[in-house]
Amino acid sequence: MSSNPFPLAKAELLQAYRTMRTIREFEERLHVEFAKGDIPGFVHLYAGEEACATGIMMHLTDIDRIASTHRGHGHCIAKGVDVHSMMAEIYGKETGSCRGKGGSMHIADLSKGMMGANGILGAGAPLICGAGLAAKFRGDGGVGVTFFGDGASNQGTVLESMNLAAIWNLPVIFVVENNGYAESTSVDYATAVDSYVDRASGFGLPGVTVDGTDFFAVYEAAGEMIKRARQGGGPSLLECKMIRFFGHFEGDAQTYKAKGENELNRATRDCLKMFAQRITHTGVITAAEFAVIDREVASLIDDAVSTAKGAPLPTTRDLLTDVYVSY
Amino acid sequence: MLDQRIKPIVMPKWGLSMSEGKVTTWLKPVGTRLALGEEILEVETDKIAGVVEAGDAGTLRRVIGEPTGIYPVKALLGVIAADDVSDAEIDAYVASYVTPAADDASDQETGPRYEFVETSAGSIRYAKRGDGAETVVLVHGFGGDLDNWLFNIDTLAGKTRVYALDLPGHGQSTKAIGKPSLATLSEALIGFMDAVGVDSAHLVGHSMGGAVALQTALDAAERVKSLTLVSSAGLGAQINGAYIDGFVAATNRRDLKPVIEQLFDDPNLVSRQLLDNVLKYKRLDGVAEALSSLARALFANGRQANLLAQGLAGMQQPALVIWGANDRIIPSSHAPVSGKARVEVIEGAGHMVQMEKANRVNDLILAHVKGPNRST
Amino acid sequence: MARNISFKQAINEALDLEMRRDPTVIILGEDIVGGAGSPGETDAWGGVLGVTKGLNAKHGGRLLDTPLSESAYIGAAIGAAACGMRPVAELMFLDFMGVCFDQILNQAAKFKYMFGGKAKTPVVIRAMIGAGFRAAAQHSQMLTPIFTHVPGLKVVCPSNAYDAKGLLIQSIRDDDPVIFCEHKNLYALEADVPAESYAIPFGEANVVRDGKDVTIVSYGLTLHRALEAAERLAKSRVEAEVIDLRTLSPIDLDTVIESIEKTGRLVMVDEANPRCSIAADVVATVTQNAFEALKAAPQMVTAPHTPVPFSPVLEDLYIPSADGIAAAVSKITKTALAA
């Protein structure tokens, strides 16, 4: 048995791998199913970005809150939302996590601290300030993490929230998922600063940039920020530089990318491959052990899809319910 | 003298807080020969609609108050005079009439209209009026408050010292009742009397308040000089359960109106203002719980839980029982009781007989309190 | 005996009582305490018109002055509500909705439905509305129709101090997002208000004057103009029934229809601009549901289709007047008005 040089125990490394693999399989399968025409509306896939969600969420529990983006499946899975109910929601079925009334962009599970994927970019930042405020009043050491992309980082809501979190010393982490593209517009065009850390310090927060495809880099940086927030040290900003394998949405022709860009990324910047290789290299976990997880996850996703396909649709009555608690 | 042949009809003062009223309709035209006590005009206040009766016999000579007009208390609304008084004399009277200044200058009363006192049951709101050898304490019924006595308190205060309180859970008194029961309310009443320094008094109770007064006479006889029970609970098993449940459940005017109308022989007395005041009370924090817990304890399923008729029969203190013949809440058949109690069932009145036939009820109470076998 | 307090004091009392009762109630807003970080007094303002003055001394730590960042702090209030608190956020003037509307429209209003019933957002957003203060176009709008339009929001608009206290207490206790509209021109208006706590249910209009000839419906400041009009009409022997809607969402049209079945005539008065106004909404719904009871075409008396003007002579023309209301009644009752 080799000694473990990593900051996580073997069981945790296996868990991290399982989470990332689940996200990857979920998204790859959606890519296939969407192309068949069975899935209504829009989906925005997180494949390629798994290390960011997973590296951060491993520090969080159910009392911590996250606010996600339109590209929210990865955050949901990493935060512990049930995969079957997510799939059913994406298919618009009554058994979905939102009873079919939210869809891919609005999956939420407040019991797991998941305050929703959000179709409005940047809208999660104020909400997470509220979660941080609530945690302060409760005094339970809870934190809030708000995810937004390189594009959404230019929304007024995000900038206002950074200032608000700083003046009120809120236990929140602002995570910039910088995958280089806001829909089709590159970050080089849309954002004036070269590094989001410059923005953070401009707003009075500490900030760190990491390679978002490196699970351990994300894990370590996030761990420090979350611990500091729990202890009353206030907010931080974490920029994760990463890549998304697919387009902005499924159906995106991706003509704004360079020829061969996706293929190169899959070959050289696949965070899952790099994670697995780095670990098997030390012998802490073998390829065969990882393969077991691969098979289990494949069958989980299979089952989620077939269950979702067979699940009942919402009824006419469901149209009018749950607008209010009471009216 | 000339003055005595000309009798003013003035805006009455109904209740402690009334400062003005609205003339609704004249019931009799100019020229009618009026008997004493005849109903002559309808007036509406911020608490209730009511009828003004002729205070004197004579001919209605002048109608001055206009329908929908609002006039201060004691303003001149009309003139009654003998036929032989000339119009010129009446004109002169009307021209020289001056509405007495509001309240405090002309009343012997000084001090606040309502007061609050801390008692063993919590904060109790009460009114205290008048003076006299005898002390009367007025106790309202379920869902009511001291303004249920608004047609009685000033008349009684002319001859006696009168207290009217809001029971716990009611009016502006504390809304916490503790264990809901007659015993609790009776203890609260005694606690109130302790707090205001009343050793013993003539208790006058209406509806549930009658049962409270009766319970007090049984538990603390030395505090009670006499009993007047008006449309009282405690004397029989029946009670209009639909009324109780309806009163507790109603949260808006539409639901409350048909419920409140059952209290009166003449439902026209139920003005929008009266309903609004009941709603305002029912919305206060703690009232819903107080009322439903009392209803469950005292009147569940349309049956009275406390039957005190035997106790009344065996009582030493003089007792007077008054009922409206058309009471739709507690039947007037509960009124005739064995024993020494005097019974008066008044025609043309419902459960709120002390409002609908106020003059008669006031006379009966005063006679009872000041009766020949009273010790002073 | 009346305990007369002003509309403004009634709101202060409601906030105080609920903060005492429930530790999860917090207040956020710009200058709601005042003087934050400044060298002079704290509680320097207690709100731009003093509505929250004195609360900081009683509940310090639960009143948070915010920076000029409506998106952020209104959103934070909404987020905190979704996490179990009962925040009362002040959007100083409802006219400022433009800078934070997404958080209200697409977040707070949608959570319960979008998340399949599994969310609860008990936030109250208090804001000043209305004209007559000479505050000009960007600080005088009603905008009540815009919020009423959105499913998932509740909209409350009291016309007097008694209703203001009871409806604000109800708003704080309510589990849905509530937009609580305070007409700035009513702040000084006094009424008899109990010292105790009480809650007025939503969706219950109040008949404030009985009448048999016409039903006049309004809310907020123009409710009082309707009452003035009713007094003038009484001199011409036209008796108007006047109804105060109190809450616009949920709205109580049953009471309006019950009245129309008696009078047959409706005049709806709304200080909002006419297109897609509350007046249009009420008239259309009543006409559809109670057509047979109507003896004449329902009338809408609203502000004009303009921004709110500054010059007092113009602003006074902008707000529906008692004379304008009486004229509308005169038209459909076909009575000439006494001078």
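Into which domains is chain B divided? In this predicted model, chain B is divided into domain 1, residues 2-104, and domain 2, residues 115-369.

**View 1. Domain 1 and domain 2 of chain B.** The C-alpha centres of the two domains of chain B lie 31 Å apart. Across the boundary between them, eleven residues of domain 1 of chain B are in contact with 13 residues of domain 2 of chain B.

**View 2. The side of domain 1 of chain B that touches domain 2 of chain B.** Contact between these domains involves eleven residues of domain 1 of chain B. Strand E5 of chain B, residues 49-53, gives the most to this side, with three residues. By class, the side of domain 1 that touches domain 2 has five charged, four nonpolar and two polar residues.

**View 3. Chain C against chain A.** Here 35 residues of chain A are in contact with 33 residues of chain C. Two helices of chain C, H3 (70-82) and H4 (101-114), each supply at least two residues of the side that touches chain A. H3(C) gives the most to that side, with ten residues. The side of chain C that touches chain A divides into 16 nonpolar, eleven polar and six charged residues.

**View 4. Chain B against chain C.** Contacts between these chains link ten residues of chain B with 13 residues of chain C.

Terms used
Residues numbered from 1 in each chain as written. Chains lettered and ligands numbered in written order. Predicted model: local features only at pLDDT ≥ 70, side-chain atom pairs only at ≥ 80, totals over all residues. Domains from an automatic or database assignment. Contact = placed C-beta atoms within 7 Å. Helix = DSSP H or I, 4+ residues; strand = E, 2+ residues; numbered from the N terminus. Nonpolar A, V, L, I, M, F, W, Y, C, P; charged D, E, K, R; others polar.
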